Amino acid sequence: FLIKTSPYLAPDLESSLIPLLAEMHFAISFVSALHVLHVLMPSSAVTAQPEPEAGCLLQSRGQLALKAEEAVPAGRISFQSLCSGGFCKCARSIKSFLSLTLDECSTQCLAYPAFALDGNFQGRTRCSCCGNRDTTEATSSVAYQHENRPDLSLSGRLQGLCEDRQCSCPSARVASPSLSLSDCGYFCQVQGLTTLSYRPEAGILRSFCTCCSSDQLSFGGSTRVYNVLDPPATAVGDPHITTLDGQHYTLMQQGIFSLWHLSGLEIQFHSENSLVKTVPVDWQIYARYAGHQAFTKGLLLVDKSGGALRQVLEMTAEDCLWRARKADGEWTMVGKDEEIWVPDGHDFATGFQVTKNGAKGYKHVHFNVNTKSGKTDKVVLSTSCRPHHNMNLQLMMRERSDYRFVEGEVKVARGSRAFSTLQTDSEFAIDAKWQDLGGSDQAASYLDMDQAGDAFVAKCSREEEEKAHEACSKHLGNLGDIQGNLDETFYEDCVYDVCHGAGETAAELAAELLESTRAIQGI
(Lines give C-alpha, C1' and ligand atoms only; values in the text may rest on other atoms or scores of the structure.)
Protein backbone atom coordinates (compact mmCIF):
# COMPACT_ATOMS: atom_id res chain seq x y z
CA PHE A 1 0.00 0.00 0.00
CA LEU A 2 2.80 2.42 0.90
CA ILE A 3 4.54 1.71 -2.38
CA LYS A 4 1.38 2.24 -4.45
CA THR A 5 0.44 5.47 -2.70
CA SER A 6 3.92 7.02 -2.47
CA PRO A 7 4.32 10.02 -4.83
CA TYR A 8 8.14 9.64 -4.72
CA LEU A 9 8.53 6.23 -6.47
CA ALA A 10 8.73 5.93 -10.23
CA PRO A 11 6.25 3.49 -11.90
CA ASP A 12 9.03 1.16 -13.13
CA LEU A 13 10.50 0.92 -9.57
CA GLU A 14 7.04 0.17 -8.19
CA SER A 15 6.52 -2.70 -10.62
CA SER A 16 9.87 -4.27 -9.69
CA LEU A 17 9.58 -3.93 -5.89
CA ILE A 18 6.13 -5.48 -5.40
CA PRO A 19 7.04 -9.00 -6.67
CA LEU A 20 10.29 -8.92 -4.68
CA LEU A 21 8.50 -8.02 -1.44
CA ALA A 22 5.94 -10.72 -2.06
CA GLU A 23 8.71 -13.33 -2.35
CA MET A 24 10.35 -12.05 0.86
CA HIS A 25 7.00 -12.26 2.70
CA PHE A 26 6.58 -15.90 1.60
CA ALA A 27 10.13 -16.80 2.71
CA ILE A 28 9.69 -15.20 6.13
CA SER A 29 6.34 -16.96 6.65
CA PHE A 30 7.89 -20.31 5.67
CA VAL A 31 10.80 -19.97 8.11
CA SER A 32 8.45 -18.90 10.93
CA ALA A 33 6.26 -21.95 10.31
CA LEU A 34 9.30 -24.26 10.50
CA HIS A 35 10.31 -22.68 13.84
CA VAL A 36 6.83 -23.21 15.30
CA LEU A 37 6.84 -26.87 14.16
CA HIS A 38 10.26 -27.38 15.72
CA VAL A 39 9.12 -26.04 19.10
CA LEU A 40 5.74 -27.83 19.16
CA MET A 41 6.85 -31.18 17.71
CA PRO A 42 7.62 -33.92 20.32
CA SER A 43 11.31 -34.50 20.80
CA SER A 44 11.08 -38.02 19.30
CA ALA A 45 9.88 -36.54 16.00
CA VAL A 46 12.80 -34.18 15.64
CA THR A 47 15.61 -35.35 13.37
CA ALA A 48 18.39 -36.79 15.52
CA GLN A 49 21.55 -34.72 15.74
CA PRO A 50 25.09 -35.98 16.39
CA GLU A 51 25.95 -36.09 20.08
CA PRO A 52 27.98 -32.97 20.89
CA GLU A 53 31.45 -33.28 22.38
CA ALA A 54 30.49 -31.11 25.36
CA GLY A 55 27.34 -30.32 27.28
CA CYS A 56 25.62 -33.55 26.25
CA LEU A 57 23.60 -35.84 28.52
CA LEU A 58 24.67 -39.33 29.50
CA GLN A 59 22.66 -42.05 31.24
CA SER A 60 24.30 -42.91 34.57
CA ARG A 61 22.74 -45.15 37.29
CA GLY A 62 19.25 -44.30 36.10
CA GLN A 63 19.87 -40.54 36.27
CA LEU A 64 20.73 -38.00 33.64
CA ALA A 65 24.24 -36.63 34.15
CA LEU A 66 26.46 -34.28 32.21
CA LYS A 67 29.57 -35.27 30.34
CA ALA A 68 32.31 -33.44 32.23
CA GLU A 69 34.81 -32.60 29.49
CA GLU A 70 34.50 -29.00 28.29
CA ALA A 71 30.94 -28.77 29.64
CA VAL A 72 31.76 -25.71 31.73
CA PRO A 73 31.44 -22.28 30.06
CA ALA A 74 34.77 -20.42 30.25
CA GLY A 75 35.93 -22.97 32.83
CA ARG A 76 34.00 -21.20 35.59
CA ILE A 77 30.81 -23.15 36.39
CA SER A 78 29.66 -26.75 36.43
CA PHE A 79 26.17 -28.13 36.71
CA GLN A 80 24.28 -31.34 37.35
CA SER A 81 20.84 -32.68 36.58
CA LEU A 82 17.99 -32.14 39.05
CA CYS A 83 15.84 -34.85 37.45
CA SER A 84 16.15 -38.16 39.28
CA GLY A 85 15.69 -40.82 36.61
CA GLY A 86 13.41 -38.71 34.43
CA PHE A 87 12.58 -35.34 32.95
CA CYS A 88 11.67 -32.12 34.71
CA LYS A 89 11.40 -28.39 33.98
CA CYS A 90 11.06 -25.01 35.65
CA ALA A 91 7.49 -24.77 36.91
CA ARG A 92 7.85 -21.07 37.70
CA SER A 93 10.47 -19.22 35.69
CA ILE A 94 12.19 -16.11 36.95
CA LYS A 95 13.65 -15.45 33.51
CA SER A 96 13.48 -17.19 30.14
CA PHE A 97 15.35 -16.98 26.84
CA LEU A 98 14.74 -18.36 23.37
CA SER A 99 17.14 -20.41 21.26
CA LEU A 100 20.05 -21.14 23.60
CA THR A 101 22.37 -24.12 23.86
CA LEU A 102 23.00 -25.87 27.18
CA ASP A 103 26.21 -23.94 27.90
CA GLU A 104 24.61 -20.63 26.89
CA CYS A 105 21.61 -21.34 29.11
CA SER A 106 23.82 -22.11 32.11
CA THR A 107 25.72 -18.85 31.56
CA GLN A 108 22.55 -16.75 31.25
CA CYS A 109 21.16 -18.35 34.43
CA LEU A 110 24.40 -18.16 36.40
CA ALA A 111 22.74 -15.84 38.92
CA TYR A 112 20.02 -18.40 39.66
CA PRO A 113 20.30 -21.77 41.41
CA ALA A 114 18.60 -23.80 38.67
CA PHE A 115 17.85 -23.70 34.95
CA ALA A 116 16.01 -25.85 32.41
CA LEU A 117 15.96 -26.48 28.68
CA ASP A 118 12.39 -26.99 27.46
CA GLY A 119 12.17 -29.14 24.34
CA ASN A 120 15.01 -30.78 22.44
CA PHE A 121 17.96 -30.19 24.74
CA GLN A 122 20.48 -31.13 22.03
CA GLY A 123 19.37 -28.28 19.81
CA ARG A 124 18.61 -24.59 20.32
CA THR A 125 15.45 -24.15 22.31
CA ARG A 126 13.88 -22.30 25.29
CA CYS A 127 15.98 -21.71 28.40
CA SER A 128 14.37 -20.96 31.77
CA CYS A 129 15.92 -19.84 35.06
CA CYS A 130 14.31 -20.79 38.38
CA GLY A 131 14.90 -21.90 41.96
CA ASN A 132 15.87 -25.45 42.93
CA ARG A 133 12.42 -26.05 44.41
CA ASP A 134 10.54 -24.57 41.45
CA THR A 135 10.87 -27.63 39.19
CA THR A 136 8.20 -30.13 38.19
CA GLU A 137 8.00 -33.33 36.13
CA ALA A 138 7.95 -32.99 32.35
CA THR A 139 8.05 -35.16 29.23
CA SER A 140 10.95 -33.69 27.26
CA SER A 141 12.77 -31.15 29.41
CA VAL A 142 15.71 -31.40 31.77
CA ALA A 143 16.45 -29.08 34.69
CA TYR A 144 19.90 -28.54 36.15
CA GLN A 145 21.49 -26.85 39.13
CA HIS A 146 24.88 -25.18 39.36
CA GLU A 147 27.37 -27.25 41.32
CA ASN A 148 29.98 -26.24 43.87
CA ARG A 149 28.18 -23.11 45.03
CA PRO A 150 28.60 -22.83 48.80
CA ASP A 151 25.73 -21.44 50.82
CA LEU A 152 26.76 -17.81 51.29
CA SER A 153 24.57 -17.50 54.37
CA LEU A 154 26.56 -20.28 56.07
CA SER A 155 30.06 -19.81 54.68
CA GLY A 156 30.79 -16.46 56.34
CA ARG A 157 30.72 -14.53 53.06
CA LEU A 158 27.63 -12.42 53.92
CA GLN A 159 28.37 -9.43 56.14
CA GLY A 160 25.36 -7.79 57.78
CA LEU A 161 25.07 -4.01 57.37
CA CYS A 162 23.11 -1.21 59.04
CA GLU A 163 22.77 -3.00 62.37
CA ASP A 164 22.22 0.27 64.24
CA ARG A 165 19.53 1.57 61.86
CA GLN A 166 17.40 0.15 59.04
CA CYS A 167 18.54 0.57 55.44
CA SER A 168 17.82 -0.88 52.01
CA CYS A 169 18.88 -0.83 48.38
CA PRO A 170 16.80 1.55 46.21
CA SER A 171 13.95 -0.35 44.55
CA ALA A 172 14.98 1.08 41.18
CA ARG A 173 18.16 -1.04 41.22
CA VAL A 174 18.44 -4.59 39.82
CA ALA A 175 15.83 -6.82 41.48
CA SER A 176 14.65 -10.43 41.34
CA PRO A 177 11.84 -12.34 43.10
CA SER A 178 11.73 -15.82 44.62
CA LEU A 179 15.37 -16.40 45.61
CA SER A 180 16.91 -17.68 48.82
CA LEU A 181 19.28 -15.37 50.70
CA SER A 182 22.33 -17.24 49.38
CA ASP A 183 21.09 -17.19 45.78
CA CYS A 184 20.26 -13.50 46.14
CA GLY A 185 23.95 -12.97 46.90
CA TYR A 186 24.99 -14.87 43.75
CA PHE A 187 22.41 -12.98 41.69
CA CYS A 188 23.83 -9.61 42.79
CA GLN A 189 27.42 -10.72 42.18
CA VAL A 190 26.59 -11.62 38.58
CA GLN A 191 25.15 -8.12 38.17
CA GLY A 192 28.54 -6.73 39.30
CA LEU A 193 27.11 -5.56 42.65
CA THR A 194 27.97 -6.80 46.14
CA THR A 195 25.39 -5.11 48.39
CA LEU A 196 21.91 -6.59 48.62
CA SER A 197 18.56 -6.05 50.32
CA TYR A 198 16.64 -9.20 51.16
CA ARG A 199 12.99 -9.31 52.21
CA PRO A 200 11.45 -12.78 52.70
CA GLU A 201 7.72 -13.51 52.57
CA ALA A 202 6.89 -10.37 50.58
CA GLY A 203 3.25 -10.64 49.55
CA ILE A 204 2.63 -13.67 47.35
CA LEU A 205 6.35 -14.07 46.65
CA ARG A 206 8.64 -16.05 48.90
CA SER A 207 11.27 -13.33 48.88
CA PHE A 208 12.44 -10.21 47.11
CA CYS A 209 16.09 -9.48 46.31
CA THR A 210 17.47 -6.05 45.32
CA CYS A 211 21.11 -5.27 44.44
CA CYS A 212 23.06 -2.02 44.68
CA SER A 213 26.45 -0.65 45.66
CA SER A 214 27.12 0.26 49.29
CA ASP A 215 27.16 4.00 48.60
CA GLN A 216 23.60 3.80 47.14
CA LEU A 217 21.92 2.55 50.34
CA SER A 218 18.90 4.48 51.54
CA PHE A 219 17.98 4.48 55.21
CA GLY A 220 14.63 3.27 56.43
CA GLY A 221 12.53 0.26 55.42
CA SER A 222 12.18 -3.27 56.77
CA THR A 223 14.70 -5.31 54.77
CA ARG A 224 17.93 -6.99 55.82
CA VAL A 225 21.02 -5.66 54.04
CA TYR A 226 24.26 -7.55 53.41
CA ASN A 227 27.61 -7.24 51.68
CA VAL A 228 28.88 -10.27 49.76
CA LEU A 229 32.53 -10.82 50.63
CA ASP A 230 34.47 -12.33 47.74
CA PRO A 231 37.15 -14.95 48.43
CA PRO A 232 40.38 -13.03 49.13
CA ALA A 233 43.49 -12.75 47.01
CA THR A 234 46.37 -14.60 48.69
CA ALA A 235 50.13 -15.07 48.69
CA VAL A 236 50.99 -18.12 50.79
CA GLY A 237 54.22 -20.04 51.29
CA ASP A 238 56.41 -20.54 48.24
CA PRO A 239 54.60 -18.14 47.34
CA HIS A 240 51.43 -19.62 45.89
CA ILE A 241 49.43 -16.67 44.62
CA THR A 242 45.67 -16.54 44.05
CA THR A 243 44.33 -13.55 42.13
CA LEU A 244 41.11 -11.68 42.88
CA ASP A 245 39.27 -13.73 40.26
CA GLY A 246 40.61 -17.09 41.43
CA GLN A 247 43.58 -17.72 39.14
CA HIS A 248 46.17 -19.75 41.05
CA TYR A 249 49.89 -20.10 40.38
CA THR A 250 53.31 -20.47 42.02
CA LEU A 251 55.87 -17.68 41.57
CA MET A 252 59.33 -18.86 40.54
CA GLN A 253 61.26 -15.64 40.97
CA GLN A 254 62.90 -13.52 43.66
CA GLY A 255 62.88 -9.76 44.03
CA ILE A 256 60.47 -6.89 44.69
CA PHE A 257 57.09 -7.11 42.96
CA SER A 258 53.94 -5.01 42.72
CA LEU A 259 51.49 -7.34 44.43
CA TRP A 260 48.48 -5.00 44.38
CA HIS A 261 48.02 -1.42 43.18
CA LEU A 262 44.70 0.43 43.36
CA SER A 263 44.64 3.67 41.37
CA GLY A 264 41.93 5.58 39.49
CA LEU A 265 39.24 5.40 42.17
CA GLU A 266 37.97 8.79 43.40
CA ILE A 267 36.29 9.36 46.76
CA GLN A 268 33.99 12.24 47.69
CA PHE A 269 33.22 13.51 51.18
CA HIS A 270 32.05 16.64 52.96
CA SER A 271 35.00 18.73 54.06
CA GLU A 272 35.24 20.76 57.27
CA ASN A 273 33.61 23.75 55.53
CA SER A 274 30.73 21.50 54.28
CA LEU A 275 31.91 21.59 50.67
CA VAL A 276 32.18 18.32 48.73
CA LYS A 277 35.83 17.36 48.29
CA THR A 278 37.13 14.83 45.73
CA VAL A 279 40.38 12.91 46.30
CA PRO A 280 41.92 10.30 43.95
CA VAL A 281 42.96 7.14 45.81
CA ASP A 282 46.41 5.59 45.19
CA TRP A 283 47.37 2.57 47.31
CA GLN A 284 50.27 0.23 46.60
CA ILE A 285 51.42 -3.05 48.17
CA TYR A 286 54.96 -4.18 47.35
CA ALA A 287 56.12 -7.70 48.24
CA ARG A 288 59.73 -8.86 48.59
CA TYR A 289 60.28 -12.55 47.77
CA ALA A 290 63.59 -14.16 48.75
CA GLY A 291 65.23 -17.51 49.46
CA HIS A 292 65.38 -20.74 47.44
CA GLN A 293 61.61 -21.16 47.85
CA ALA A 294 61.09 -17.41 47.16
CA PHE A 295 59.03 -17.00 50.33
CA THR A 296 57.45 -13.63 51.16
CA LYS A 297 59.95 -11.83 53.39
CA GLY A 298 58.74 -8.22 53.32
CA LEU A 299 55.61 -6.13 52.76
CA LEU A 300 55.46 -2.39 52.04
CA LEU A 301 52.14 -0.50 52.01
CA VAL A 302 52.30 2.96 50.45
CA ASP A 303 49.50 5.56 50.38
CA LYS A 304 49.97 8.32 47.78
CA SER A 305 46.32 9.35 47.56
CA GLY A 306 45.83 12.90 46.34
CA GLY A 307 49.16 12.80 44.47
CA ALA A 308 51.55 12.98 47.45
CA LEU A 309 53.02 10.53 49.96
CA ARG A 310 50.71 10.34 52.99
CA GLN A 311 51.67 7.29 55.04
CA VAL A 312 53.64 4.04 54.83
CA LEU A 313 53.45 0.69 56.66
CA GLU A 314 56.18 -1.93 56.58
CA MET A 315 56.76 -5.44 57.95
CA THR A 316 59.54 -8.00 57.41
CA ALA A 317 60.03 -11.59 58.51
CA GLU A 318 62.92 -10.46 60.69
CA ASP A 319 60.59 -9.67 63.61
CA CYS A 320 57.05 -9.72 62.08
CA LEU A 321 56.20 -6.28 63.52
CA TRP A 322 54.46 -3.41 61.73
CA ARG A 323 56.28 -0.06 61.53
CA ALA A 324 54.71 3.16 60.29
CA ARG A 325 55.83 6.48 58.90
CA LYS A 326 53.76 9.57 58.07
CA ALA A 327 54.91 11.58 55.03
CA ASP A 328 58.50 12.62 55.83
CA GLY A 329 58.29 11.70 59.52
CA GLU A 330 60.24 9.12 61.51
CA TRP A 331 59.56 5.40 61.64
CA THR A 332 57.62 4.24 64.73
CA MET A 333 56.37 0.87 66.01
CA VAL A 334 52.62 0.31 65.57
CA GLY A 335 50.63 -0.33 68.75
CA LYS A 336 47.78 -2.77 69.35
CA ASP A 337 45.12 -0.60 67.68
CA GLU A 338 46.30 2.43 65.80
CA GLU A 339 45.24 4.70 62.95
CA ILE A 340 47.90 6.11 60.63
CA TRP A 341 46.80 9.02 58.46
CA VAL A 342 47.84 12.50 57.37
CA PRO A 343 45.08 15.17 57.09
CA ASP A 344 44.03 16.51 53.73
CA GLY A 345 43.93 20.12 54.85
CA HIS A 346 41.92 19.61 58.04
CA ASP A 347 40.00 16.56 56.77
CA PHE A 348 40.47 12.82 56.93
CA ALA A 349 40.74 11.43 53.37
CA THR A 350 42.54 8.06 53.42
CA GLY A 351 44.53 6.10 55.97
CA PHE A 352 45.62 2.77 57.44
CA GLN A 353 44.03 1.32 60.57
CA VAL A 354 45.80 -1.55 62.33
CA THR A 355 43.51 -3.66 64.55
CA LYS A 356 44.15 -6.62 66.82
CA ASN A 357 42.35 -9.86 66.02
CA GLY A 358 41.27 -12.43 68.57
CA ALA A 359 43.14 -14.24 71.30
CA LYS A 360 46.29 -14.86 69.26
CA GLY A 361 46.76 -11.16 68.63
CA TYR A 362 47.05 -11.19 64.84
CA LYS A 363 46.72 -7.78 63.28
CA HIS A 364 44.63 -6.69 60.32
CA VAL A 365 45.34 -3.60 58.24
CA HIS A 366 42.22 -1.74 57.10
CA PHE A 367 42.57 0.60 54.13
CA ASN A 368 40.17 3.38 55.11
CA VAL A 369 38.53 6.14 53.04
CA ASN A 370 36.23 9.01 53.84
CA THR A 371 32.84 9.10 52.09
CA LYS A 372 29.70 11.22 52.24
CA SER A 373 28.36 8.61 54.69
CA GLY A 374 31.48 8.67 56.87
CA LYS A 375 34.64 6.59 57.20
CA THR A 376 34.68 3.05 55.81
CA ASP A 377 37.25 0.45 54.86
CA LYS A 378 37.73 -0.55 51.23
CA VAL A 379 40.29 -3.30 51.77
CA VAL A 380 41.40 -5.53 54.66
CA LEU A 381 44.84 -7.18 54.72
CA SER A 382 45.39 -10.22 56.97
CA THR A 383 48.82 -11.69 57.66
CA SER A 384 50.46 -14.57 59.48
CA CYS A 385 54.19 -14.35 60.15
CA ARG A 386 56.91 -16.25 61.99
CA PRO A 387 60.18 -14.40 62.83
CA HIS A 388 63.16 -15.51 60.71
CA HIS A 389 60.87 -17.69 58.60
CA ASN A 390 58.30 -16.08 56.27
CA MET A 391 54.89 -14.44 56.11
CA ASN A 392 51.57 -15.21 54.41
CA LEU A 393 48.86 -12.75 53.44
CA GLN A 394 45.26 -12.50 52.34
CA LEU A 395 43.74 -9.38 50.77
CA MET A 396 39.96 -8.88 50.87
CA MET A 397 38.32 -6.09 48.87
CA ARG A 398 34.87 -4.97 50.01
CA GLU A 399 33.51 -3.87 46.61
CA ARG A 400 33.82 -5.97 43.46
CA SER A 401 33.22 -2.80 41.43
CA ASP A 402 36.67 -1.60 42.61
CA TYR A 403 38.45 -4.52 40.91
CA ARG A 404 38.72 -2.53 37.69
CA PHE A 405 41.08 -0.10 39.41
CA VAL A 406 43.54 -2.84 40.45
CA GLU A 407 46.87 -3.70 38.82
CA GLY A 408 49.61 -6.00 40.07
CA GLU A 409 50.06 -9.73 40.56
CA VAL A 410 46.57 -10.34 42.00
CA LYS A 411 44.60 -8.28 39.46
CA VAL A 412 41.66 -9.83 37.62
CA ALA A 413 41.64 -11.08 34.01
CA ARG A 414 45.23 -12.31 33.97
CA GLY A 415 43.85 -15.46 32.35
CA SER A 416 43.06 -13.61 29.12
CA ARG A 417 46.33 -15.03 27.81
CA ALA A 418 47.78 -18.52 28.28
CA PHE A 419 48.11 -18.85 32.04
CA SER A 420 50.60 -21.29 33.55
CA THR A 421 50.69 -22.68 37.08
CA LEU A 422 54.31 -21.50 37.23
CA GLN A 423 54.99 -17.80 36.62
CA THR A 424 57.90 -15.35 36.79
CA ASP A 425 55.67 -12.21 36.82
CA SER A 426 58.33 -10.18 35.04
CA GLU A 427 55.77 -7.51 34.10
CA PHE A 428 55.23 -6.79 37.83
CA ALA A 429 58.89 -6.87 38.89
CA ILE A 430 60.13 -3.57 40.38
CA ASP A 431 63.62 -2.41 39.45
CA ALA A 432 64.12 -0.08 42.41
CA LYS A 433 65.55 -0.11 45.90
CA TRP A 434 63.31 -0.77 48.89
CA GLN A 435 64.15 2.68 50.32
CA ASP A 436 63.29 4.42 47.04
CA LEU A 437 59.80 2.91 47.21
CA GLY A 438 59.28 4.30 50.72
CA GLY A 439 60.76 1.54 52.89
CA SER A 440 63.27 1.83 55.74
CA ASP A 441 67.01 1.28 55.71
CA GLN A 442 66.64 -1.34 58.45
CA ALA A 443 64.21 -3.43 56.38
CA ALA A 444 66.30 -3.03 53.23
CA SER A 445 69.40 -4.28 55.07
CA TYR A 446 67.59 -7.42 56.29
CA LEU A 447 66.04 -8.15 52.88
CA ASP A 448 69.37 -7.73 51.07
CA MET A 449 71.04 -10.23 53.44
CA ASP A 450 68.21 -12.78 53.05
CA GLN A 451 69.04 -13.68 49.45
CA ALA A 452 69.92 -17.24 48.52
CA GLY A 453 70.40 -17.32 44.76
CA ASP A 454 67.78 -18.30 42.22
CA ALA A 455 64.53 -19.96 43.25
CA PHE A 456 64.25 -23.65 42.42
CA VAL A 457 61.93 -26.62 43.06
CA ALA A 458 63.48 -29.29 45.26
CA LYS A 459 62.48 -32.94 45.00
CA CYS A 460 60.14 -34.51 47.52
CA SER A 461 60.15 -38.23 48.31
CA ARG A 462 57.02 -40.27 48.91
CA GLU A 463 57.86 -40.59 52.60
CA GLU A 464 58.31 -36.81 52.90
CA GLU A 465 55.01 -36.25 51.14
CA GLU A 466 53.18 -38.55 53.56
CA LYS A 467 54.64 -36.64 56.52
CA ALA A 468 53.59 -33.36 54.87
CA HIS A 469 50.00 -34.62 54.58
CA GLU A 470 50.04 -35.51 58.27
CA ALA A 471 51.29 -32.04 59.26
CA CYS A 472 48.75 -30.16 57.09
CA SER A 473 45.87 -32.39 58.22
CA LYS A 474 46.87 -31.79 61.82
CA HIS A 475 46.81 -27.98 61.55
CA LEU A 476 44.17 -27.37 58.85
CA GLY A 477 41.74 -30.20 59.55
CA ASN A 478 39.30 -28.13 61.64
CA LEU A 479 39.56 -24.85 59.75
CA GLY A 480 37.01 -25.19 56.95
CA ASP A 481 33.97 -22.97 56.74
CA ILE A 482 30.83 -23.57 58.83
CA GLN A 483 29.90 -26.39 56.45
CA GLY A 484 33.30 -28.02 57.01
CA ASN A 485 34.68 -27.21 53.55
CA LEU A 486 38.40 -26.48 53.25
CA ASP A 487 39.78 -25.07 50.01
CA GLU A 488 41.52 -28.00 48.32
CA THR A 489 44.12 -25.80 46.64
CA PHE A 490 45.04 -24.20 49.97
CA TYR A 491 45.62 -27.66 51.46
CA GLU A 492 47.69 -28.84 48.48
CA ASP A 493 49.87 -25.72 48.73
CA CYS A 494 50.47 -26.52 52.39
CA VAL A 495 51.58 -30.06 51.53
CA TYR A 496 53.85 -28.72 48.77
CA ASP A 497 55.59 -26.22 51.08
CA VAL A 498 56.03 -28.62 54.00
CA CYS A 499 57.34 -31.32 51.69
CA HIS A 500 59.77 -29.06 49.84
CA GLY A 501 61.73 -27.88 52.87
CA ALA A 502 59.54 -25.37 54.75
CA GLY A 503 58.77 -27.86 57.51
CA GLU A 504 55.75 -28.00 59.82
CA THR A 505 56.04 -24.25 60.39
CA ALA A 506 54.48 -23.77 56.93
CA ALA A 507 51.39 -25.68 58.07
CA GLU A 508 51.20 -23.66 61.28
CA LEU A 509 51.39 -20.37 59.37
CA ALA A 510 48.72 -21.51 56.89
CA ALA A 511 46.40 -22.34 59.80
CA GLU A 512 47.08 -19.00 61.48
CA LEU A 513 46.22 -17.14 58.26
CA LEU A 514 42.91 -18.98 57.97
CA GLU A 515 42.06 -18.18 61.60
CA SER A 516 42.91 -14.53 61.02
CA THR A 517 40.69 -14.32 57.94
CA ARG A 518 37.80 -16.13 59.64
CA ALA A 519 37.80 -13.39 62.28
CA ILE A 520 37.14 -10.79 59.55
CA GLN A 521 34.37 -12.87 58.01
CA GLY A 522 32.75 -13.56 61.37
CA ILE A 523 32.94 -17.35 61.04
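1. How do the residues of the lining of the largest cavity divide into nonpolar, polar and charged? They split into six nonpolar, three polar and one charged. Note that this is a predicted model.

2. Cavity search. Three cavities of 30 Å³ or more turn up across the whole structure. For the largest cavity, the volume is about 60 Å³.

3. Lining of the largest cavity. The residues are Val236, Gly237, Phe295, Asn390, Asn392, Cys494, Asp497, Ala506, Leu509 and Ala510. Two or more of the lining residues come from each of β30 (390–397), α7 (488–502) and α8 (504–521). Helix α8 gives the largest share, three residues.

4. Strands β18 and β19. Strand β18 covers residues 240–242, and strand β19 covers residues 248–251. The two run antiparallel and are joined by three bridges. Isoleucine 241 faces its opposite number, tyrosine 249, in β19.

5. The turn. β18 and β19 make a hairpin, with five residues between them. Glycine 246 lies in this turn and has a positive phi of about 90°.

6. Strand β32 (residues 422–423) is joined to β19 by two bridges. Here the strands run parallel. Leucine 251 has glutamine 423 in β32 as its bridge partner.

7. Pairing in brief. β19 runs antiparallel to β18 and parallel to β32.

Technical notes: Residues are numbered from 1 along each chain as its sequence is written. This is a predicted model: local features need pLDDT of at least 70, side-chain atom pairs count only at pLDDT 80 or more; totals for chains, interfaces and linings use all residues. Side-chain values use heavy atoms; hydrogens and water are left out. On a 1 Å grid over the protein atoms alone, a cavity is a set of points where a 1.4 Å probe fits but cannot get out, and a pocket is an open set with protein on both sides within 12 Å along at least five of seven lines; lining residues have an atom within 4 Å of a point. Grid points are joined across faces, edges and corners, and a volume is the space filled by probe spheres set on the points. Helices (H or I, at least four residues) and strands (E, at least two) are DSSP runs, numbered from the N terminus. Ala, Val, Leu, Ile, Met, Phe, Trp, Tyr, Cys and Pro count as nonpolar, Asp, Glu, Lys and Arg as charged, and the others, Gly among them, as polar. Two strands pair if DSSP finds at least two bridges between them.
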